[in-house]
Amino acid sequence: MREDMYKVIVERPRRGKDGDATAARLRNDFDGPMRLGMRAGYGSRSLNENLAPLRRYLQAQIGRAWNKVFSEICAGIDRRNTVQQHIHNHLRDFIAIDVDIREGRLVDLAPRWGFLGRDSGIFQELYVDPRTGLIRSNKSYRSWRHSDAGRRQREQVEIATRRRVVDERTFLLLLDGVWYRVETDVLPKVRHVENAADRRLHGQVNAELRYDVVLRRNISRTVRTDLQQCEHLYGSRDLYAVSKRQISTREIKAHRLR
């Protein structure tokens, strides 16, 4: 491993700030609060590592003992340094270290991303062979781009079985085994009301309710589950159903729904 590997990975311009738009606006507002924190509205920068060199280095070590490779990594990247320790945290993104063979299948014993439990499959492109301790290539590895493309294709096939688009506001939906023609409209936008009192910023969100005839209840843009169901049914979080009617057998044949 090159001696300046940690510099190649870490020393890179950090990403721009995502500031607090509300505080930034009130900073120049004569009617705003009398005082704001010095950093209010300026946000903070995030890390911008270049992990490609680390990935290429690990790929070049296939067939070598993991213990020796890890020793080289520790010699070049000091775990006592906070910034360089961050690089060690990314190792498991590329290589599964705690691996076991159970029922003829390779499993990763380490929890992934905090929510996958033990005995999960190997998602990295490299792993440490539990029998030999050597670094091996994961033949079943699929890049996130390849996996995402496959997922989107499956979603499109599934959507086609339950939704057909007539125009931007009209859909044919399969609901409980019956096809309906559904007319939609746009949900009212959320209105943000802001005011400053007692030197503190007070905000209020107002969203008008609309009755969705498919969901059979009032919905609004402020309820996440409502938006998720609208996206599932109509392909957009901006729409809600205003009317529906069961289509005839002739229409079913015309749209080739059977």
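**Before you start**

Residues are numbered from 1 along each chain as its sequence is written, and side-chain values use heavy atoms, with hydrogens and water left out. In this predicted model local features need pLDDT of at least 70 and side-chain atom pairs count only at pLDDT 80 or more, while totals for chains, interfaces and linings use all residues.

**Stop 1: the whole chain**

Show the protein chain as a cartoon. The chain has nine helices and 14 strands; these are DSSP runs numbered from the N terminus, with helices being H or I of at least four residues and strands E of at least two. Of its 258 residues, 31% are buried. Buried means under 20% relative accessible area, exposed over 50%, and partly exposed in between, using a 1.4 Å probe and protein chains only. Among contacts between residues at least 6 apart in sequence, 49% join residues at least 24 apart; a contact means heavy atoms within 4.5 Å.

**Stop 2: the largest nonpolar core**

Select L58, W66, V69, I73 and I95. In the largest nonpolar core, which has 17 residues, these touch the most other members. A nonpolar core is a set of buried Ala, Val, Leu, Ile, Met, Phe, Trp, Tyr and Cys residues joined through side-chain atoms within 4.5 Å. Two or more residues of this core come from each of helix 3 (52-59), helix 4 (66-76), helix 6 (91-94) and strand 5 (126-128). Another core of 16 residues lies apart from it, with F171, L175, C230 and A241 among its members.

Now centre on V69. Not counting residues up to four places away in sequence, V69 touches Y57, L58, Q61, R64 and I135.

**Stop 3: helix 4, end on**

Select helix 4 and look down its axis. Its buried residues are W66, V69, I73 and G76. They line one face of helix 4, because they fall within an arc of 95°, the arc being that of the directions from the helix axis to the C-beta atoms. The exposed residues N67, K68 and A75 are on the face turned away from the buried side.

**Stop 4**

Two strands pair if DSSP finds at least two bridges between them.

- Strand 7 and strand 8 (residues 170-175) are joined by four bridges, and V165 has F171 as its bridge partner in strand 8.
- Strand 8 and strand 9 are joined by six bridges, with L174 opposite W179. These two strands form a hairpin with two residues between them, and D176 in the turn has a positive phi of about 55°.
- Strand 9 and strand 14 are joined by seven bridges, and Y180 has Q246 as its bridge partner in strand 14.

**Stop 4: T184**

Stay in strand 9 (residues 178-186) and select T184. Is T184 buried or exposed? T184 is buried, at a relative accessible area of 6%. Its side chain reaches the backbone oxygen of R169 at 2.8 Å. A polar contact here is a pair of N or O atoms within 3.5 Å; within protein, one must be able to donate a hydrogen and the other to accept it, and residues adjacent in sequence count only if both atoms are side-chain atoms. Leaving aside neighbours within four places in sequence, T184 is in contact with R169, F171, Y234, L239, Y240, A241 and V242.

**Stop 5: helix 8**

Select helix 8 (residues 224-234), whose buried residues are D226, L227, C230, L233 and Y234. They sit on the same side of helix 8, because they cover an arc of only 130° around the axis. Among the elements that cover them are strand 7, strand 8, strand 9 and strand 14. G235 follows the helix and has a positive phi, near 80°.

**Stop 6: R162**

Finish at R162, in the loop between helix 7 (144-160) and strand 7. R162 counts as buried, at 14% relative accessibility. A polar atom of its side chain lies 2.7 Å from the backbone oxygen of H232. Beyond residues up to four places away in sequence, R162 touches L172, L173, L174, W179, H232 and L233. The C-alpha atoms of R162 and L175 are separated by 7.7 Å, the two residues being 13 apart along the chain.
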